[in-house]
Amino acid sequence: MSVLDSLVRTARRRSPWLYHVNAGSCNGCDIELVACLTPRYDVEQLGIRLEASPRHADILVVSGPVTRTTAAAVQTVYAQVPNPKVVVALGSCPASCNVFAGSPTIVGPLDRIIPVDVFVPGCPPRPDAIIGGIAEAIAILAGDKPRPDGTMVPVRPTLSNAEGER
Amino acid sequence: MVVRGLVSLLIFPGALFAVPMGWFMVWLQRRLNARLQGRIGPPFYQPFFDFIKLLAKERVTRSRLQGLVLTALPVLAVGATLGVLALLPVFPEHAKFSGDLVLLVGLIEVIPLAAVLAGFASRSLYGGLGATREALLGLMYNLPFLAALGALSVGAGSFSLSEIALKPMWAVRIPALIALALCIPVKLHMNPFSIANAEQEIYAGATTEYGGPRLAIWELAHDMEWVAVTGLWASLAFPVPHVALVVRLLVFVAISLALVVLLSIVGAATARLKLAQAARVFWQWGFGIGLIAFIIAVLAR
């Protein structure tokens, strides 16, 4: 591996930017995610930033069981994140639809809508568990660990054709 | 002359100095902000790795013309910032050319102009909103900014930055520096004037649609703008002739970093203002102080 490649991988390990999507969540997980930014947990130490635009993000954090009205938006936002990207499913809802399973307004779980790399179960998960899940996502992003389907994140970003709406 | 121009553009206070210094200043600001909030904050190398990571991300496919425009605008901002840096009168004994104040004012206006155009060119609603706010803020802070620079220029009787930086004229300089200091946080998108980028409120403002390498160029322009804007203030705040170059350099860096500390404290202690409140700050207080400086300069001539 060349020096440049290892520099890129180190940079990805040290500077993961998050974008958070609420796909019909009850706000419990969202509050726990924001708690990670507070003085007690302070994820900015790890270079993590909660970004305001999906175009800036490396890691997409999705909470909620994916309702009918948010499914298309989740797909658009996923397509708007430039490669390489990793998806973290935050809480029990995107993993299993939780108590909303079977509801006619729910089209989840999340992995039916977009590919998911890390699940952080819990209702809501503790901030420690969220940071653990994001650390796993960082390892996938930097190429230290394979994705669940066994593929590795390449150092040179692949070009995706589905770019989402402008 | 050409060699000296290239040195000030590419080495000091240009790219070779300004890029690491800009990263350091941005880190210092983030770190101080975190410490003031009771957090630990990002490590020393953070802005550098942010930049490398963005460079190594996918470049979002655009139609050819839009891609060209969206790439050219941040490059223009980087170029204009380098121009401002090269014109800074850090060593005012070595005069560059007369009239460089006019060129500096022109170049320093190009940076927000590029951001405004980029916001609209991205055709995103939030990019457009950020661009509108950026343009309105430009109307606001340029009044005290230009009044203060005009007062200094009248006081020194010259359009040359070197003469402005060397002539003491404290009665003009102190109000002018206060008016200039008021414009620094808005130029750097810091609280309480972080209205144009307004994180979360209007997504990411003008750079909402920017990602990957194109965003990296914006970040670079913004990092260097920190050095350029604080450096302009620092180089105008030390009008003492016949000082050794090393001392002058150290004073320049010290005043710049002190400004970064002050900006961080003000930024952490204040909340974002509304556009109308910002207008009142700049048109009432900023322009008032700038006008006082101007009148003193005219009377003292």
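What share of the contacts in chain A with a separation of 6 or more is accounted for by residues 24 or more positions apart? The share is 80%, where two residues are in contact if their C-beta atoms, placed from the backbone, lie within 7 Å. This is a predicted model, in which local features need pLDDT of at least 70 and side-chain atom pairs count only at pLDDT 80 or more, while totals for chains, interfaces and linings use all residues. Residues are numbered from 1 along each chain as its sequence is written, and chains are lettered from A, with ligands numbered from 1, in the order in which they are written.

**Select chain A.** Its five helices and five strands follow the order α-β-α-β-β-α-β-α-β-α from the N terminus. Helices (H or I, at least four residues) and strands (E, at least two) are DSSP runs numbered from the N terminus. The C-alpha trace spans about 50 × 40 × 30 Å along its principal axes. Of the 166 residues in chain A, 48% are buried, that is, 20 or more other C-beta atoms lie within 10 Å of their own, all placed from the backbone.

**Select the side of chain B that touches chain A.** Here 29 residues of chain B are in contact with 23 residues of chain A. Helix H3 (46–55), strand S1 (201–204) and helix H9 (212–236) of chain B each supply at least two residues of this side; H3(B) gives the most, with five.

**Select the largest nonpolar core.** A nonpolar core is a set of buried Ala, Val, Leu, Ile, Met, Phe, Trp, Tyr and Cys residues joined through C-beta atoms within 7 Å. Of its 94 residues, Leu85(B), Ala148(B), Ala151(B), Leu152(B) and Ala293(B) touch the most other members. H9(B) provides the largest share, 14 residues. A second, separate core of 43 residues includes Leu60(A), Val77(A), Val88(A) and Ala137(A).

**Select residues 275–300 of chain B.** This is helix H11, whose 26 residues reach 36 Å from first C-alpha to last, close to the 38 Å expected at 1.5 Å a residue (1.5 Å times one less than the number of residues). A kink of about 30° is centred on Phe287(B), the bend being the angle between axes fitted to the seven residues ending there and the seven starting there. Phe287(B) is itself among the buried residues of H11(B), as are Phe282(B) and Ala293(B). The buried residues of H11(B) pack against helix H6 (125–156) and helix H8 (170–187) of chain B.

**Finish at Ala293(B).** Beyond its neighbours within four places in sequence, the contacts of Ala293(B) include Ala148(B), Ala151(B) and Val172(B).

Technical notes. Buried ≥ 20, exposed ≤ 12 C-beta atoms within 10 Å, placed from the backbone.
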